[in-house]
Amino acid sequence: MSKKNRANPSQAPDIKKTFSVKTIRKGVLYFILFSLLSFSILFFYNNTAKAADVIKNLQPSYILLAISMSFIDMWLGGWRNHIFARVLKPEIAQKVCFKANLANIFMGAVTPSQSGGGAAQLYVWYRSGINLTNGFTISLINWFSTLFFFPTAAFFALYFMEDQFSENILSFLLKSGFSIFGTLLAVILIAFWKPIWIGKGARTLANWIGQLNSNWKEKLNKWGQKTYEAIQEYQNNCKLLLTKHFWLLPYSFIMTLILYFNKFCLAYVLLLGLGVTAPFWTVIATQVILMFVLYFAPSPGASGIAEFSIAALMSGILAEAFIPIFTLLHRTFLLFIPALLGALVVLSELRKHAEE
């Protein structure tokens, strides 16, 4: 990479902490173990003897369509970031955002609550010349669209399927999911309209803690000042994106809607591939609720939780023998394949970085 395309070296992510081999190996191990255990239980308790017949009757045309939709899902995830990235850095290529999205999926799959996904995305952008503040701005605006989309979609899905869930399940979804999304949405709104409050708070906190321990004072003061300056830059970026390019925010929301609707439709296509007919909007509503519940699942890649959640929510649509196969296909096209490609991206970038 030429020097002119690099971001400011002082803003480089801490690679040892974010992408340590130990962290990745542990995450991959837990992800695989939880997933294998979950699938073993699903196949054991859901008429495994008939699973072979279900696989034999898979319709190749729908599976090929599902593969295409899986690629579209990955491409849309990258494009949603590219519409902002090309404003802040006009020469940035779509393939960079495509790779950053895959890296996000992989690290999200091997870290609890997808906590490593954002760092991976920022790292790939940084390697292509987008500094951390710009990358954070892009991520935050798109996250705002996601946080706004999910509660809205989940509200309508729950209303549509009210008769199909017990009162306890509905209560749990309303209390947990909506409270988490609502809190984060409020934080994001503050970050949009009054980000300098956060910067001043970080600087004040650093100064206060520094007074308690003289050994920390200098480092904390530097951290507080850098955070304040970074948030000022972030505020300028937001003004640029949301005033001069005001159409980008609704565009992001539309892209978010298309991105997730494609995911939901992919599940319907998998049902068709299994030879199962079900009401289209019932399947879509079920997928909305599923992803709403899993978005902040604490296990790496929501492994374990996702498999049982899919089985539970789809049990009203699928016969026992179909549940483990559908769950496996669902996870394969929406997570396993993208995460595998993302692993190749992350390892490739780390290798190039090490060589440099």
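The lining of the largest pocket in this predicted model comprises 23 nonpolar, 17 polar and four charged residues. In total, 44 residues line this pocket, and the space within the pocket amounts to about 1,300 Å³. Asn104, Gln114, Trp143, Tyr260 and Tyr295 are the lining residues that lie nearest the centre of the pocket. Among the elements that contribute to the lining, helix H7 (residues 132-160) gives the most, with six residues.

Tyr260, one of the residues nearest the pocket centre, also belongs to the largest nonpolar core, which holds 90 residues. Within this core, the members that touch the most others are Trp125, Phe150, Tyr260, Leu271 and Phe326. Helix H11 (residues 248-273) supplies the largest share of the core, 13 residues. Apart from this core lies another, made up of five residues, including Phe31, Ile105, Ala109 and Ala339. When neighbours within four places in sequence are left aside, the contacts of Tyr260 are Thr146, Phe149, Phe150, Met291 and Tyr295. Of these contacts, Tyr295 is among the residues nearest the centre of the largest pocket, and Phe150 is among the core members that touch the most others.

A further local feature concerns backbone geometry. Most residues other than glycine have a negative phi. Ala302, by contrast, has a positive phi, near 60°. Ala302 is placed in the loop between helix H12 (280-294) and helix H13 (305-314). With a relative accessible area of 8%, Ala302 counts as buried, because this value falls under the 20% cut-off.

Methods: Residues are numbered from 1 along each chain as its sequence is written. This is a predicted model: local features need pLDDT of at least 70, side-chain atom pairs count only at pLDDT 80 or more; totals for chains, interfaces and linings use all residues. Side-chain values use heavy atoms; hydrogens and water are left out. A nonpolar core is a set of buried Ala, Val, Leu, Ile, Met, Phe, Trp, Tyr and Cys residues joined through side-chain atoms within 4.5 Å. Buried means under 20% relative accessible area, exposed over 50%, partly exposed in between (1.4 Å probe, protein chains only). Helices (H or I, at least four residues) and strands (E, at least two) are DSSP runs, numbered from the N terminus. Contact means heavy atoms within 4.5 Å. On a 1 Å grid over the protein atoms alone, a cavity is a set of points where a 1.4 Å probe fits but cannot get out, and a pocket is an open set with protein on both sides within 12 Å along at least five of seven lines; lining residues have an atom within 4 Å of a point. Grid points are joined across faces, edges and corners, and a volume is the space filled by probe spheres set on the points. Ala, Val, Leu, Ile, Met, Phe, Trp, Tyr, Cys and Pro count as nonpolar, Asp, Glu, Lys and Arg as charged, and the others, Gly among them, as polar.
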